[in-house]
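These are my notebook entries on a structure that I looked through part by part. I wrote each one down as I looked it up.

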Amino acid sequence: MTMKKYDKIVKNAVGREVPTVINGEEHLPFMGVGKHKPAGRKYAPRIASCADYPDDGNKVVPNLKEALIKAGLRDGMTISTHHHFRNGDLIANQIFDIAHELGIKNLRWFPSASFPCHEHLIPYLEDGTINRVEGSMNGALGKFCSEGKMAGLGILRSHGGRYQAVQDGEVQIDIAVIAAPTADPFGNANGVNGSAACGLLGFALADSQYADKVIVVTDNLVPFPAVPWQIQGNYVDYVVKVDQVGIAEKIISGTTKITKSPDRLLIAEMTAQFCEATGLIYDGFSYQAGAGGTALSIGNYFGDILRKNNWKARFIRAGSNKYPVEMLEEGVVEYILDGQTFDLEGIRSMRENANHVWTSPFTSYNYHGKGNFASMVDVVVLGATEVDVNFNANVVSHSDGYLLHGIGGWQNTLFGKTTILPIPLFRDRIPVIRDEVTTLCAPGEMIDVIVSERGIAINPLRKDLIEKAKNSGLPIKTIQELKEEAEAICGVPDKPKLSDEIVAVIKWVDGTVLDSVYKVLG
Amino acid sequence: MDKTGTAGNKGSGIRSDVWVAVTQTQSGGVQVEVKSKVKALFGRQIEALTEKVMHFFGLENVQVSIEDAGAVDFVLAARLEAAIKQVIDTDKEFLLPFLEENKMATKKDDFRFSRLYLPGNSPKLMLNAGVHNPNGLILDLEDAVASAKKTEARYLVRNALRNLHFYGAERMVRVNQGARGLEDLEYVIPHYANLILIPKCEEATDVQRVVEKTNELLEQHEMNHPVWFMPIIESAKGVMNAYKIAVASPKIAAMAIGLEDYTADLGTRRTNEGTESFFARSMVVNACRAAGIQPIDSVFSDVSDMEALAENVKRSKALGFDGMGCIHPRQIKVIHENFAPDEADIEKAKKIYLAFKEAEAKGLGVVSLGSKMIDPPVVKRAVTTIELAVNTGKLNIHWLEREK
């Protein structure tokens, strides 16, 4: 390959140096929140004809290898998979085992997220079977990319940004492989039934709509119709039955647990107190909270506040688990708009409760749509690896420069009315508040409040919150004060040793390039 | 053979700590080998501090291996010193500059609702302990430290007293029993410990020995900050001598009961209801009240059951106790809330306080509420109640402005 990984570096609207040619394709630099106005029409997949598909609706082929060959697998293609099975995914690795066996090279893997189980793919990144990953990279894959070993340049997108990239034709998927807990021979599929039940299949929606070829793989093939059809068979080319599609206990935890860490509980409690004191919680409010220990605990405290006032939350937009489900069934919350399901209670509720609604990155997050749900949410609670004194935040890399997490829905949810980051001031001696974030994932204007165990900092842009928090008795400090407090305990860290070589880029929700990720020097 | 000194902890689950091995060599200068998960950001600083400590102790040729899990400077310095003192004989102490805020004096009648135990050799639990706002933080050199780690814990506790942020919590240390406890004092008294907990007291002399040694140390270091004492009664004999112990020194601010050891001594088991310890608890409360000091209850060991803890605190308050030990930060809030005054107490205190302010503004010597005259001790109690209510979050600190 003679193609340059990246070229034509410019300074974007927030002063970050980013390439505008990536893996041979042109990309726009970040222009500011809401500034890039897309033109033209959406990407259109090929027109299909029923004449080419069996009238009896039976699209079953004997195995994945045959399906991939029928789908025309060849060098340089883009293959997409999805992370509904999280670390219990058994299919993505098999696809590339087959590609390797067939001697196919230079593939672009376009997962909605990768997990530690995908460490299996590193030899294929080394031998050229896979050129690059466009999706989250953590663990061994993150290390591989961060050390500059990937042939192509990595591109990290949010869940909404992934939908946008597919819809806008920025990423054209040749073959989408959708692993499904239940499917019928026509290709209708869902995640609510079957031994690998994962709740929903929303991350595969764009792929089913726009990919050239779509393969559904299941271990629970039922006669037509498989309902609910979260994925519609009308988009599907081939169906494959396998013995096992995913490892159940790695897909869904039996029980999600609220954190027991006293420090995290304190931060959660302070977050809820802040929301109460500043009037962010009211009858009919909505919030987004993840499935991490701190976020779960914040949801519990929100529940207490709602009950105390005899209020209801109109909806929770979140990954679901037993805690929001309890609130739904108790009537403290009217709707769960579920993005991904984390435990068995979440799946049960999705089957049983009409008000437990499955959503997709299209409805919740796609920035190139006629609105989305994210901006309607009152309170959004998110994590971060770093924040800087200008409230810029990082969620993908560790302070030492290594890729650590995907963006997930994180960037998309920033559009909620108030975004709060409950974070400890330091982790293992490393202060979380820095002069400048290692990798920029959110411009500071999107982050409203930092809640730490040692105080709360409000973005100076949020004069309303500063005013309302004045007499709350809560420890309100400036972000600079919080930074200095952490440094008085930990010391001032040195800067990580990074090369000026770019290994990946961070996309903003509108497809523009927000920042570059640099190679880590040992 | 070259002698190696080791100190600290390593392995999975270890955080904010460091393991060090120091070996004196014949030549080669100071060689430092650092393994650390924060090496990219703090490796240079870990090496620099290590070299500084080696030079301070005059070690010119030495091999130092460091396995770090995010230890801050005072922890690393304590571990290095503990290891060095296994290799060479020296009286020198490597001390980082004292945090000025830690030179805080406490009063005999300060609130002591909650005191959080911190194992003296576990830095992980120390760093954030103060942010949970206990009235006191106890650096425990006694039961929470394994016998093989007793010596190295002293350096860590000493450094914590100097460099850990206590966020206003009273700085307490539980020393060991007997001779070892007297030696422990050398590591804590010169570093502004506010209060010493004396375990397993059975006689007045158990306390007096500690008080005398403390006074010697204060004199020797030309210091005069107040050091208070809290004897702990943990046996049947201690209970029978409770009053004698309570009056053993005017520097005793409080006396506590330790029920795990006490119930073992009785040959019974501890229950949530506490029937088996009713006599002992009442004895301690009575002795303390007779001596004019604070009676403090035992810890509640089920850290997951906050409701049972709340019940326990209510019973404790009803028996006459003024405070309780905690073994988990989440217990602090429950303890404060349940020892704190209730709504009716607070409302009454506010009225008395306002009447007092009004009388003061008018230059009146006598405070009256309605037709009732209010005595000065009642005003003082009202002020205390309000202070308590504010401290425990039951009353907004700006209540007075809001009242107007």
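At what angle do the axes of helix α4 (residues 150-163) of chain B and helix α5 (residues 178-188) of chain B cross, and within what distance do they come? I note before answering that this is a predicted model. I find that the two axes cross at roughly 35° and come within 8 Å, and that the crossing in which α4(B) passes α5(B) is right-handed.

Entry on the residues of that pair. On the side of α4(B) I list Arg154(B), Val157(B), Arg158(B) and Leu161(B), which meet Asp184(B), Tyr187(B) and Val188(B) in α5(B). Sorting this contact by class, I get four nonpolar and three charged residues, with no polar residue.

I then looked up helix α11 (residues 306-319) of chain B and helix α12 (residues 330-339) of chain B, whose axes lie 9 Å apart and pack at an angle of about 40°. Here too I wrote down the hand, and α11(B) passes α12(B) in a right-handed crossing. From α11(B) I have Met306(B), Leu309(B), Ala310(B), Val313(B), Lys314(B) and Lys317(B), and these meet Gln331(B), Val334(B), Ile335(B), Asn338(B) and Phe339(B) in α12(B). The classes in the contact of α11(B) with α12(B) come to seven nonpolar, two polar and two charged residues.

Entry on chain B as a whole. I count 15 helices and 14 strands in chain B. Its radius of gyration is 24 Å, close to the 22 Å that the globule rule gives for 404 residues, so I record chain B as being as compact as a globular protein of that length. Along the principal axes, the C-alpha atoms of chain B fill a box of roughly 90 × 55 × 45 Å. Of the 404 residues of chain B, 46% count as buried. For the contacts in chain B between residues at least 6 apart in sequence, I noted that 71% join residues at least 24 apart.

Entry on the domains of chain B. The domain assignment gives me domain 1 (4-87), domain 2 (100-339) and domain 3 (343-403) in this chain. Taken over C-alpha atoms, the centres of domain 1 of chain B and domain 2 of chain B are separated by 32 Å, and in their contact 11 residues of domain 1 of chain B face 10 residues of domain 2 of chain B. On the domain 1 side, helix α2 (residues 73-87) of chain B gives the most, with six residues. I class the residues of that side as seven nonpolar, one polar and three charged.

Entry on the domains of chain A. Chain A is divided into domain 1 (55-134 + 171-251) and domain 2 (262-497). I have 32 Å between the centres of these two domains, taken over C-alpha atoms, and the contact takes 11 residues from domain 1 of chain A and 15 residues from domain 2 of chain A. The side of domain 1 of chain A that touches domain 2 of chain A has eight nonpolar, three polar and no charged residues.

Entry on the two chains together. How many residues does the contact take from chain A and from chain B? I find 20 residues from chain A and 23 residues from chain B. Within the side of chain A that touches chain B, α8 (262-277) and α15 (479-490) of chain A each supply at least two residues, and α8(A) has the largest share, with four residues. I close with the classes for that side of chain A, which are eight nonpolar, four polar and eight charged.

Note on methods. Residues numbered from 1 in each chain as written. Chains lettered and ligands numbered in written order. Predicted model: local features only at pLDDT ≥ 70, side-chain atom pairs only at ≥ 80, totals over all residues. Domains from an automatic or database assignment. Contact = placed C-beta atoms within 7 Å. Nonpolar A, V, L, I, M, F, W, Y, C, P; charged D, E, K, R; others polar. Rg over C-alpha atoms; globule rule 2.2 N^0.38 Å. Buried ≥ 20, exposed ≤ 12 C-beta atoms within 10 Å, placed from the backbone. Axes fitted to C-alpha atoms, helices over the stretch in contact; angles between N-to-C directions. Left-handed = near helix turned anticlockwise from the far one by under 90°.
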